[in-house]
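Reader: Could you take me through the helix packing and the aromatic pairs in this one, with the cut-offs spelled out as we go?

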Amino acid sequence: MILNKENINTELIIIGGSAGSLQVIIEMIKKLNDKIAVPVLLVLHRKAHSNNILQALLQQLSPVEVVEIDDKTEIESNKIYITPADYHLLFEDKKTMSLDSSEKMNYSRPSIDVTFKSAAEIYGENLIGVLLSGANADGVEGLSYIKKNNGTVWIQDPETAEVDYMPKHAIQEVKYDLIIKPEDLPKYINQL
């Protein structure tokens, strides 16, 4: 399937996931082109004191640079960014990200909702939000906000999710553009 013209101006893809999403991310990264036109940002629920092993693991598999975000990290194309454990990720503008340690949302920090909402305000129609496998409702409200700001919403097919609560809930609550199978995710990203 070829993406619609509306996605040609995409400036950022944010992929949110929780329980069961890491394997989807690993398989996606292995199949990405060595040059991707749009930065990809990962917001994954992780233990509060987890170390940087995720960045090292993904970098071994990735054809592009994988960066764990620090406060004031600048966004560049052809990179994959990972939100660090125990911080919410916010956008100051289209170039700069900041970290926040305010209270947890949906029992999570980083919260997918917080990042989706912040990005939607900055990127509007040039944002794609992707929600993967997970066991709580984090991300659903953020996807609604992306849609409200004319962004694009992709949701993992619940039948392919290790934990289907998050994508099922999103499909019931959010006007989405695409239900996506994990094996198709890298193809869509490579087309942008």
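Author: To begin with the terms for orientation, angles under 35 degrees count as roughly parallel, over 145 as roughly antiparallel, 65 to 115 as roughly perpendicular and the rest as oblique. This is a predicted model, in which local features need pLDDT of at least 70 and side-chain atom pairs count only at pLDDT 80 or more, while totals for chains, interfaces and linings use all residues. Residues are numbered from 1 along each chain as its sequence is written, and side-chain values use heavy atoms, with hydrogens and water left out.

Reader: At what angle do helix 4 and helix 5 cross?

Author: The axes of helix 4 (residues 140-148) and helix 5 (residues 165-173) cross at roughly 40° and come within 9 Å, the axes being lines fitted to C-alpha atoms over the stretch in contact, with angles from 0 to 180 degrees between N-to-C directions. Helix 4 and helix 5 are therefore oblique to each other. Helices here are DSSP runs (H or I, at least four residues), as are strands (E, at least two), numbered from the N terminus.

Reader: Which residues of helix 4 and helix 5 meet?

Author: Val140, Leu143 and Ser144 in helix 4 meet Met166, His169, Ala170 and Glu173 in helix 5, where contact means heavy atoms within 4.5 Å.

Reader: And how far apart are the axes of helix 3 and helix 4?

Author: Their axes are 7 Å apart, and helix 3 and helix 4 pack at an angle of about 10°, which makes helix 3 roughly parallel to helix 4. On the helix 3 side the contact is made by Asp113, Phe116, Lys117, Ala120 and Glu121, and on the helix 4 side by Val140, Glu141, Gly142, Leu143, Tyr145 and Ile146.

Reader: Switching to rings, how many aromatic pairs are there?

Author: The count comes to two aromatic pairs, under a rule by which rings of Phe, Tyr and Trp (its six-membered ring) pair if their centres lie within 6.5 Å, with planes under 30 degrees apart counted as stacked, over 60 as edge-to-face and the rest as tilted. One of them, Phe91 with Tyr123, is edge-to-face, at 5.7 Å centre to centre and 90° between the planes. Phe91 lies in strand 5 (residues 88-91) and Tyr123 in helix 3 (residues 112-123), so this pair ties together parts that are 32 residues apart in sequence.

Reader: Are Phe91 and Tyr123 buried or exposed?

Author: Both Phe91 and Tyr123 are buried, meaning under 20% relative accessible area, with exposed being over 50% and partly exposed in between (1.4 Å probe, protein chains only).

Reader: What about Trp154 and Tyr188?

Author: Trp154 and Tyr188 form a tilted pair, 5.5 Å centre to centre with 55° between the planes. Trp154 is in strand 8 (residues 152-156) and Tyr188 in helix 6 (residues 185-191), 34 residues apart.
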